[in-house]
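Please report on the fold, the salt bridges and the nonpolar cores of this model. Keep it brief, and state the cut-offs.

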Amino acid sequence: MAPEHDQSSSRAEGSAVFPPGVESSSYPAEAMTFYDFGQRGVDGVTKIEAADAYGEMTYGRHGTFLKFTPGFVSPLHSHSADYAAVVIKGQMANYKPGETPIPLGPGGFWYQKGKQAHTTACVSETEGLIFLIQGEGFDAQIPPVVD
């Protein structure tokens, strides 16, 4: 017979995972403070700005809003860890070398495997906004570091 499993401890552990150390809370969009963290598109002018919803983007588990200048196209790059992103505003594309970009509008979703070369682009004439969730700190490896 299998040992009994204490479901209350699983619930407690699960509730502590997302997001860590944050009480239930709400944040109006106008309260988000975006900052330039130095990421530029291939043109050297377009950029990404970030606003931390929970955690700190470069230090462990986090949820972060990323705002893209219209026409932003990243250099080919990778990340150390997987992440998931949901498009909030504009049209975005995230694609591997050789793939045809698929424009994703509000509500569109992508999952990006860590250590996989890809390009991220804002393909609309208006700014792009995504919400990114990642279990580790965010980085961009240029050139890409792949398995």
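A salt bridge is a side-chain nitrogen of Lys or Arg within 4 Å of a carboxyl oxygen of Asp or Glu. The model is predicted: local features need pLDDT of at least 70, side-chain atom pairs count only at pLDDT 80 or more, and totals for chains, interfaces and linings use all residues. Residues are numbered from 1 along each chain as its sequence is written, and side-chain values use heavy atoms, with hydrogens and water left out.

**Overall fold**

Helices (H or I, at least four residues) and strands (E, at least two) are DSSP runs, numbered from the N terminus. Along the sequence the pattern reads α-β-β-β-β-β-β-β-β. The protein has 147 residues, and 37% of them count as buried. Buried means under 20% relative accessible area, exposed over 50%, and partly exposed in between (1.4 Å probe, protein chains only). The accessible surface comes to about 8600 Å², with 56% belonging to carbon and sulfur atoms. Areas come from the Shrake-Rupley method with a 1.4 Å probe; for residues, only the protein chains shown count as cover. Contact means heavy atoms within 4.5 Å. Among contacts between residues at least 6 apart in sequence, 67% join residues at least 24 apart.

**Salt bridges**

Side chains of opposite charge can pair when their charged atoms come close. The whole structure holds seven salt bridges.

Asp36 is partly exposed at 35% relative accessibility. Arg40 is partly exposed as well, at 31%. Lys47 is partly exposed with 25%. Glu49 is buried, at 18%. Shared partners join Asp36, Arg40, Lys47, Glu49 and Lys67 into one network of salt bridges.

**Thr46**

Where does Thr46 sit? Thr46 is in the loop between β1 (35-40) and β2 (47-56). Thr46 counts as buried because its relative accessible area is 8%. Its side chain makes a polar contact of 2.9 Å with that of Asp43. A polar contact is a pair of N or O atoms within 3.5 Å; within protein, one must be able to donate a hydrogen and the other to accept it, and residues adjacent in sequence count only if both atoms are side-chain atoms. Leaving aside neighbours within four places in sequence, Thr46 touches several residues, including Gln39, Arg40, Thr69, Pro70 and Phe72.

**Nonpolar cores**

In soluble globular proteins, nonpolar side chains tend to be buried together. A nonpolar core is a set of buried Ala, Val, Leu, Ile, Met, Phe, Trp, Tyr and Cys residues joined through side-chain atoms within 4.5 Å. The largest such core has 16 residues. Those with the most contacts inside it are Leu66, Phe68, Val87, Met92, Trp110, Ile130 and Leu132. At least two residues each come from β2, β3 (59-68), β4 (83-89) and β8 (128-134). The largest share, three residues, comes from β4.

Leaving aside neighbours within four places in sequence, Val87 is in contact with residues including Met92, Leu104, Trp110, Leu129 and Ile130. A second, separate core has seven residues, among them Ala51, Phe65, Leu129 and Phe131.
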